[in-house]
Amino acid sequence: RRNRGGLLNQRSFIVTDPERSFPGQRSRSPRRKWQLLPGRNRFYCDGRIMMARQTRVFYLTLVLILLTCGLFFTFDCPFLASHLTPAIPAVAGVLFVFVMATLLRASFTDPGVLPRATPDEAADLEGPTGEGVLNPPPRSREVLVNGQTVRLKYCFTCRMFRPPRASHCSLCDNCVERFDHHCPWVGNCVGRRNYRFFYLFILSLSFLTLFIFAFVITHVIIRSNRTGFLSALKDSPVVVCFFSIWSIVGLSGFHTYLISSNQTTNEDIKGSWSTKRGKDNYNPYSYGNILTNCCAALCGPLPPRSGLLLSTTVLASSPPSPLPPLPPLPPLPAPPPPLSPPPLLPLPLSPPLLPPPPLLPLPLSPPPLPPPPLLPLPLSPPLLPPPPPLL
Amino acid sequence: MATEFHNLQELRHSASLANKVFIQRDYSEGTTCRFQTKFPSELESRIERTLFEDTVKTLNNYYAEAEKIGGQSYLEGCLACTTAYLIFLCMETRYEKVLKKIAKYIQEQNEKIFAPRGLLVTDPIERGMRVIEISIYEDRGSSGSSSGSSSVSGSTAR
């Protein structure tokens, strides 16, 4: 299927072929552009919501957060509100809303997927030989970015040279701009367009977990004045809380460091800008000062989705008309030849040392009786696809 | 031999696509969107170098304006964050506004400058901001004068 370079009519978002008489032949059923996107993404709400293929871990994240906060609000807040101050549930409520909003926004936003090269573009890069067989271009191309040499790799799947800082995610099968990592907890890649939401999510989640942890401890202490410390303590899984807090707070710290030095997780792990590689090696994207780097990452302009304009873009599929000779493209080699490093790290987000599951501290159960076991409340079955957020 | 087309409609009716030229991105100043202003050899006989360079430079300026990090973008970012990004239901981001300006500019340039020379510029957003695609059209049918090729009225202004 060749893209004939049709002109996009801005007002009606119908793609027309310049060789067909205008507005004459429109074919049978208009389709949406996002439906034609290759890659292993899932779309909901007519293309407005874009996620990775595996979303089970994302539902787990949702359930853990909702469950823990639910228990906190039900069992601890009444006690704390009456004995201390009602500001506590209020602050917890605000934090909770912020956490959910940023999580949903990070999960549902297009991370900055680069549309694949059109056949004409790919042909231009590859260059025909005499027999009409195309050679793949050289694997990499070097460019000078702010004085530093950066190597651009050729992506065999997307058939283009990746822009600097872009990377191909093998899980989603897309090239993503300013690729950070693929996060299974969030159910999406983290890239240029959703990095700030991801960062605000982990930051606010750290505050929320610390807040809940602190007040659960307070509750235990206050209650232990009446019933004895050990009996109060055995009601709450403090050890579990400690590990989960440590991983989330550690992750926030790590990403704060990345933002302030304007690096991606990918670059940091590979040591692309470390001075160990060479004395003159430096990060060409950094603005030089921490404050500017942070502001640029969090408050910089947010580009809209490339190549899709609005999610309501409608594509009128017209059958390809006979063409003047452009060299015919052979089918792509079925397994793409392996490039030097494997395209991406489909690792979960935590840096290698930290333990995984971010279980949140569970609050105390209601008082009088022999305490029922707190933790193993049966996790509810996976939720339905989440309701479309107000984006 | 350069063919003459009076307007965009005629381009579609009477011309056939001969070739495409791709203007690649210029990364020398970082990852902000900029295109190379190097004049491609395929366009030598089609369009004057200065016109082409002016177009690309204007596009580069527009993109720089869209991606500029300064007071206004910070304000927009902070406002958006405090309203949980709900504000974008009512308001367009600055980037989107500039993209609309760019689309209008490209349309204008196509009508006034490129189509009469048998060329068509595709908006880079269509190609993921990777390239500016310029399609080169040849007059369909005989290589004689193009004015005879269109039975549709030649000089209808849009």
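How many aromatic pairs does the structure hold over all chains? The count is 11, where rings of Phe, Tyr and Trp (its six-membered ring) pair if their centres lie within 6.5 Å, with planes under 30 degrees apart termed stacked, over 60 edge-to-face and the rest tilted. One of these pairs joins A:Tyr154 and A:Phe156, whose ring centres are 5.2 Å apart and whose planes meet at 90°, so the pair is edge-to-face. Elsewhere, ring pairs link A:Phe58, A:Tyr59 and A:Phe108 into a cluster.

The model is predicted, with local features needing pLDDT of at least 70 and side-chain atom pairs pLDDT 80 or more, while totals for chains, interfaces and linings use all residues. Side-chain values use heavy atoms, without hydrogens and water, residues are numbered from 1 along each chain as its sequence is written, and chains are lettered from A and ligands numbered from 1 in the order in which they are written.

Charges also sit over rings (NZ of Lys or CZ of Arg within 6 Å of the ring centre and within 35 degrees of the ring normal). The charged end of A:Arg141 is 4.1 Å from the ring centre of A:Phe161, and A:Arg178 lies over the face of A:Tyr195 at 5.3 Å from the ring centre.

Turning to the backbone, A:Arg165 is not a glycine, yet has a positive phi of about 70°. A:Arg165 is buried, at 12% relative accessible area.

Terms used:
Buried means under 20% relative accessible area, exposed over 50%, partly exposed in between (1.4 Å probe, protein chains only).
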